[in-house]
Amino acid sequence: MSAGLVSVLFVAAALVAVGAFVAAWKRDLTAALAGLPLMFGGAGVAFAGASRFAAAGGSPVFGQEVSALLAVAALALVALGVGIAGRGTSR
Amino acid sequence: MDSLHAIGFYVSAAVSLGGGLLVAFLPGRGSRGLAVAIAGAGIVGLYASLSAGFAGLVALVCYAGCALLFAAPQYRVIDTVVAGAWRQAGAVAAGGLFAILAYAAWRGDFAHASPFNFGAIGSAAIGRLLFAHDALATEAVGALVLVALVGATAVWRGRDRGR
């Protein structure tokens, strides 16, 4: 059994699509925010996979770096969104 | 990728995608937070099987934070005014997005290369990249985190003051 770049990109595409599905499907806007970390996670997996299987020439840890930054950005955006949602309903 | 890593990769993929679908269909903030945690655990497993240990550690903390935010008592529901037909169209569009991305991955002409090995974590090389070569991107994300934390604190304090 083995997994290559195509498998990684398939999983990444599925994660992005599931995140988009969550964002489109949920009636509650705050719950729709949960699609954001899934989409960012899918993009991060694609970056990490492309970096893992990359040919020589680029920096081999660039994908890990972008994945880590995407995870932090997802957390920040979720925190901001949940905070704004809490503010919106208190009035 | 050897068999052990491949098995870990496919199991983690199933866990992350299953968690993502649970996020879509489970009601309630507690169960939704748990589903986000499951999906995050799957994504961390994907990073680990791709030899991206540092990204996995960062993602572990971030997805745990996301799960706590979705399960927290401060969570408030905001119902959308979008009609059900538009939501269904969005769901179909998400399926179309997957079809396009999967087709691009399937038809892509990728070169085969020997994978790198920087150890389990590889934090030294990533640290050099984050704080030397790509310092601007790191600072941009740091600014985003600062704005998000200050904004979230401001709106929470403003809501408490309004009570």
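1. Two residues are in contact if their C-beta atoms, placed from the backbone, lie within 7 Å. On that count, 76 residues of chain B are in contact with 67 residues of chain A. H6(B) (residues 135-162) gives the largest share of chain B's side, 13 residues. That side divides into 57 nonpolar, 13 polar and six charged residues; nonpolar here is Ala, Val, Leu, Ile, Met, Phe, Trp, Tyr, Cys and Pro, charged is Asp, Glu, Lys and Arg, and the others, Gly among them, are polar.

2. A word on the source: this is a predicted model, where local features need pLDDT of at least 70 and side-chain atom pairs count only at pLDDT 80 or more, while totals for chains, interfaces and linings use all residues. Residues are numbered from 1 along each chain as written, with chains lettered from A and ligands numbered from 1 in written order.

3. Of its 91 residues, 70% count as buried, meaning 20 or more other C-beta atoms lie within 10 Å of a residue's own, with C-beta atoms placed from the backbone.

4. Now H4(B), residues 84-107: the 24 residues should span 34 Å at 1.5 Å a residue, and the end C-alpha atoms are 35 Å apart, so the two agree. The expected span is 1.5 Å times one less than the number of residues. Buried in H4(B) are Ala94(B), Leu101(B) and Ala105(B), and their cover includes helix H1 (5-25) of chain A.

Key:
Helices (H or I, at least four residues) and strands (E, at least two) are DSSP runs, numbered from the N terminus. A residue is buried if 20 or more other C-beta atoms lie within 10 Å of its own, exposed if 12 or fewer, and partly exposed in between; C-beta atoms are placed from the backbone.
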